[in-house]
Amino acid sequence: MGVIIVVGALYGDEGKGKISAYLSFREKAKLCVRSGIGTNAGHSIYLNEEQVEKRMPVRLRQLPCGFLNPTTVVAVGAGVAVDPVVFREEVEKYGLQAWAKVDYRCPIITAEHIKQEQESAHLSGKIGSTCSGSGAARADFVWRRATQAKNVPELKPYLADVALLANEAACSGTVIVEGSQGTLLSLGLSPDYPYVTSGDCTVTAAAAQIGLSWQNIKGAVMVVKAIPSRVGEGPLPGELNVDEIKEWGMAERGVVTGRLRRKAAGIPWDMLRYVAMLNAPTEIALTLEPAPFYYFRKGQGFFSCPIYLLCDY
Ligand code: IMP
Ligand code: MG
């Protein structure tokens, strides 16, 4: 019983979605909740061998990957900016009409927010934003002029008090929280401001974004990518040049933007120690992509997961 929160250690794209799906099976989770910023997050997961071979995973930007476990309800927490177009696309694509919930308080991303970010030289140029409208929607939320999910007719069938659902579910079963981005992309806690996203990406921030009580948290998994990567601008310790990345067969593209990911030669241990201090994980999942895959075959789903090492921390 209780909540397990999955977060990224460094700059995102560590494999949080894969780990969250794995944990949803392992724990027979009642609920899997997306925390984090908005549709700037791109989580990908393989459902069968063909997808692995073609390297064409299922991609999600709004709903959590825990839906792969057929008995897990999926939800979006109150602090996540919601794009109704993306939400409905994912619900329909994966047949989640009876399984998907969205907190009635979520701020809404509009076409105007996306346009504002795309047209901003500061965001699209200097920062390297995903231009998903997430930051602009959150800015309007802070200005207290955003639309909330409760005022969007097409979201009506999915509205819920996700804070209540999650705290209640945690008292009778397991809840998985699928964090997004990475700790070092946190707005307030990263040393790299302004090269950050528009909110914090730590374990405690994830709990706050959903409205989870601290007493319900039973564990935290910090996902560490053995070969760290970063999309967008900002420092990347030990960065390799593009030729080295290609020569080593390590080229990867971002889920949301399709941009080539920047890569580092190895884990920056001093930074890892710092983010471990911020997140105090109970387990660490070490992932390595795109090299070897481990396969987990559970329930209806068949998906690949990079190496998953659980360490007592
Ligand atoms: P924004 O949050 O889309 O404005 O992007 C701000 C910075 O965070 C940029 O460097 C993005 O590339 C990065 N970023 C945002 N979301 C993600 C993510 O889910 N994975 C990796 N990087 C991200
Ligand atoms: Mg990603």
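In this predicted model, the magnesium ion (ligand 2) is coordinated by D13 through OD and by G42 through O, at 1.9 to 2.4 Å; donors are N, O and S atoms within 2.8 Å of the metal (3.2 Å for Na, K and Ca), and sites may look incomplete because water is not among the atoms. D13 lies in the loop between β1 (2–8) and α1 (16–26), while G42 sits 29 residues away in the loop between β2 (31–34) and β3 (43–45). Helices (H or I, at least four residues) and strands (E, at least two) are DSSP runs numbered from the N terminus. D13 is partly exposed at 21% relative accessible area, whereas G42 is buried at 13% (buried is under 20%, exposed over 50%, partly exposed in between; 1.4 Å probe, protein chains only).

Turning to charged pairs, the count comes to 11 salt bridges, each a side-chain nitrogen of Lys or Arg within 4 Å of a carboxyl oxygen of Asp or Glu. Among them, R26 in helix α1 and E283 in strand β12 (residues 283–287) are 257 residues apart, yet their closest N and O atoms are 3.7 Å apart. R26, E27, K218 and E283 are linked in a network of such bridges. R145 pairs with D140 at 2.7 Å; R145 is exposed at 56%, and D140 is buried at 15%.

As for confidence, the mean pLDDT (the predictor's confidence in each residue, from 0 to 100) is 89, and 92% of residues reach 70 or more.

Residues are numbered from 1 along each chain as written, with chains lettered from A and ligands numbered from 1 in written order. Local features of this predicted model need pLDDT of at least 70, side-chain atom pairs count only at 80 or more, and totals for chains, interfaces and linings use all residues, while side-chain values use heavy atoms, leaving out hydrogens and water.
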